[in-house]
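Keep the view open as you read.

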Amino acid sequence: SVVYLPMIDMYSGDKTCILSTLEFVYNIAFKHHVAPVITFDQPLYWKAAEIIANAPQNSHLKSVVLMLGCFHTFMNVLGAVGTLMAGTGLNTILEEIYGENAILHMMTGKSVQRAFRGHLLVNKCLNEMIISEVVKEQPGLSLVVDEAEEMYTSLVNGETTLDATATSDTLSSFADAVEKMKTQLASLSKTSQLWLNYQTMIQVAMSLIKADRTGSWQMHLRAVSDCLPIFAAAGHFNYL
């Protein structure tokens with residue numbers, strides 16, 4: 001079952017508050033004979049790690065598994081994307097769906113979920129434009145697109161496995177054609193290069209979410225590493 005735990009009426013950055021949280025989680029885990037696992041975002045993760053490191057060697061806190069959440073990193077990436085894409089017309093595109101005031105919060109990364117959904121929609125539209133260019137240049141690839149759609153349907157319906165789909169020749173040839181078209185578009189137009197860079201930044205944000213939800217530490221490290229140039233370009237030096 002999923003239940004709401006009691007609130008601790010203290011400032012979250014207070015080490016006493018963090019210690020109380022660690023003790024509480026440990027006690028619940030101990031009763032259920034499972035490992036105590038807790039996720040903190042970066043500022044609290046650092047303090048919790050200090051508490052556990054400074055605890056006596058025989059302390060029960062040593063058994064607590066700390067996970068680093070990516071919420072603040074994710075919020076900063078979305079804010080950096082908003083900064084770098086200012087004046088490109090992205091606001092105008094999003095105004096087709098969202099209100100003007102909502103977009104102000106989305107572009108700063110504060111309205112996290114709404115901003116991410118908006119970016120995913122724009123990214124989807126850009127992908128469709130690229131694929132249409134690929135099919136226009138190589139008409140035979142329309143059959144490959146149809147095959148890819150059929151594979152996706154089979155995967156969703158449980159008729160094929162994820163491994164079989166991921167290693168498919170159809171997907172690899174399709175991906176190669178798309179990457180080739182992206183390189184071609186980037187070399188022909190600065191505008192195309194701008195929007196392709198935008199897509200790359202959204203891919204980084206998607207990697208952060210995927211790493212967080214699948215618990216992949218290696219993917220998390222790669223995604224955070226990819227965030228650093230974005231933070232630098234947007235002037236987010238404190239977070240960099």
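## Charged pairs along helix α6

Glu 128 and Lys 124 sit four residues apart in helix α6, or about one turn of the helix. In this predicted model, the two form a salt bridge whose closest N and O atoms are 3.5 Å apart. Glu 128 is partly exposed, because its relative accessibility is 48%, which falls between the 20% and 50% limits.

Further along, Glu 133 and Lys 136 are joined by a salt bridge of 3.4 Å, N to O. These two residues are three apart in helix α6, so about one helical turn separates them. Glu 133 is partly exposed at 32% relative accessibility, while Lys 136 is exposed at 61%.

## A pair in helix α9

The structure holds four salt bridges. One of them links Lys 182 and Glu 179, at 3.9 Å from N to O. Both residues belong to helix α9 (residues 169-188) and lie three residues apart, about one turn of the helix. Glu 179 is partly exposed, with 46% relative accessibility.

## How α6 meets α10

Helix α6 (residues 112-137) packs with helix α10 (residues 190-214) at an angle of about 130°, and their axes are 10 Å apart. That angle makes α6 oblique to α10. The crossing of the two helices is left-handed.

Val 3, Leu 5, Phe 24 and Ile 28 make a nonpolar surface patch of about 340 Å². Leu 5 comes in the segment before α1 (15-31) and is partly exposed, with a relative accessible area of 48%.

Phe 71 lies in helix α3 (residues 71-84) and is partly exposed, at 40%. Its C-alpha atom is 12 Å from that of Arg 213, which is 142 residues away along the chain.

Terms used:
Residues numbered from 1 in each chain as written. Predicted model: local features only at pLDDT ≥ 70, side-chain atom pairs only at ≥ 80, totals over all residues. Heavy atoms only, no water. Patch = residues over 30% accessible without salt bridge, like charges linked within 9 Å, V, L, I, M, F, W, Y side chains within 5 Å. Areas by Shrake-Rupley, 256 points an atom, 1.4 Å probe, with all protein chains shown as cover. Salt bridge = Lys/Arg side-chain N within 4 Å of Asp/Glu carboxyl O. Buried < 20%, exposed > 50% of the residue type's maximum accessible area, 1.4 Å probe, protein only. Axes fitted to C-alpha atoms, helices over the stretch in contact; angles between N-to-C directions. Parallel < 35°, antiparallel > 145°, perpendicular 65-115°, else oblique. Left-handed = near helix turned anticlockwise from the far one by under 90°.
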